[in-house]
Amino acid sequence: MDSDDSDYCAPATAFPIDTLKGRDVDLNVPPANGMEYLQRVMLEAKQCEQIVTVHPQISTNKPIQPQIIEEVKTMSPLAPSSEWQERKVSDFSNLRQKIVKWKASRHPAPTIELPSISDKKGWRQLCFGAQCDKETSDDNSCGSPPLLSILVNIGQPMVDTLLNWHSQWLEECNHITHRHGQWIFALLSCLELPLHPDTCSTLRHIARLCQQLRSSMIEPEASQLAAVNLLICLVGRYFCQTDLVD
């Protein structure tokens, strides 16, 4: 090895490579063969410093701190008290336990004819009557309430589907009726846990609709206010959608 190579610690090679003198080669000309390419690599490696240090650039400017804006939740003046909500959640939990025990007792369910899971129009007529428009849906004599004989004859897929449909009907109606509240409450009482993600999304949609309806109430009727407050309470507290809790 030449004297000028004494300080260069070359890595081990797989096969011998002849030393290439810097004065004998023009690095601007492409190598003629593979051996010449490897020789140039070794020559360029010798010309590099073995230890390289980089001094960081110290800026006198202060780093920009990201601003985190927390959403401030405003309490509705029509929201119920925490005590009222706790009582409703307790009553609702007791009701669900009774329904579970009734189903487990294997009582024969009365056979009734119901629309199929794909018959959205049929179910709307069952719930709100043959003339199920915005005007007639306010009349509690229209349609059928959620009787126990109906609830025990529908499976969980039908419960999920009906909840989704009722959320759509509630949005179309743009106000809550007694019949709306009856059916949504009854379906919630039959809803099995854990929630399917789609069903959870439906519950959140219902709760937000109720919040919007409540915010638009100027002189609300007691029954309508109680209905929206109850549904918001159950979705938020019982079904653990805590960001929607009053």
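So, a disulfide here is a pair of cysteine sulfur atoms within 2.5 Å. With that cut-off, this structure holds 0 disulfides.

Before I go on: this is a predicted model, where local features need pLDDT of at least 70 and side-chain atom pairs count only at pLDDT 80 or more, while totals for chains, interfaces and linings use all residues. Residues are numbered from 1 along each chain as its sequence is written, and side-chain values use heavy atoms, with hydrogens and water left out.

Okay, back to the cysteines. For burial, I'm calling a residue buried under 20% relative accessible area, exposed over 50%, and partly exposed in between, with a 1.4 Å probe and protein chains only. Cys240 counts as exposed, at 56% relative accessibility, whereas Cys190 is buried at 7%.

Cys240 has something else going on: its phi is positive, about 65 degrees, and it's not a glycine. You'll find Cys240 in the segment after helix H8, which is 222-238. Helices, by the way, are DSSP runs of H or I with at least four residues, strands are E runs of at least two, and numbering goes from the N terminus.

Most residues other than glycine have a negative phi, and most peptide bonds are trans. Asn174 also goes against that, with a positive phi of about 65 degrees. Asn174 sits in the loop between helix H5, 156-173, and H6, and it's exposed, with a relative accessible area of 57%. And the peptide bond? From Leu193 to Pro194 you get a cis one, omega near 0 degrees. Pro194 is in the loop between H6 and helix H7, 197-215.

Now H5 itself, the helix that Asn174 follows. H5 has 18 residues and reaches 25 Å from first C-alpha to last, close to the 26 Å expected at 1.5 Å a residue; that expected span is 1.5 Å times one less than the number of residues.

Thr199 is buried, with a relative accessible area of 6%. Setting aside neighbours within four places in sequence, Thr199 is in contact with Asp160, Leu163 and Leu191.

Next, H3 against H6. Two packed helices are described by the angle between their axes and the distance between the axes. Helix H3, residues 120-128, and helix H6, residues 178-189, pack at about 115 degrees with axes 10 Å apart. Those axes are lines fitted to C-alpha atoms, for helices over the stretch in contact, and angles run from 0 to 180 degrees between N-to-C directions. Which residues meet? Trp123, Cys127 and Phe128 from H3, and Arg179, His180 and Trp183 from H6. That splits into 4 nonpolar, 1 polar and 1 charged, counting Ala, Val, Leu, Ile, Met, Phe, Trp, Tyr, Cys and Pro as nonpolar, Asp, Glu, Lys and Arg as charged, and the others, Gly among them, as polar.

Last stop, Trp84 in helix H2, residues 82-104. Trp84 and Leu230 are 146 residues apart along the chain, yet their C-alpha atoms are separated by 9.5 Å. Beyond neighbours within four places in sequence, Trp84 is in contact with Ala226, Asn229, Leu230 and Cys233.

Note on methods
Contact means heavy atoms within 4.5 Å.
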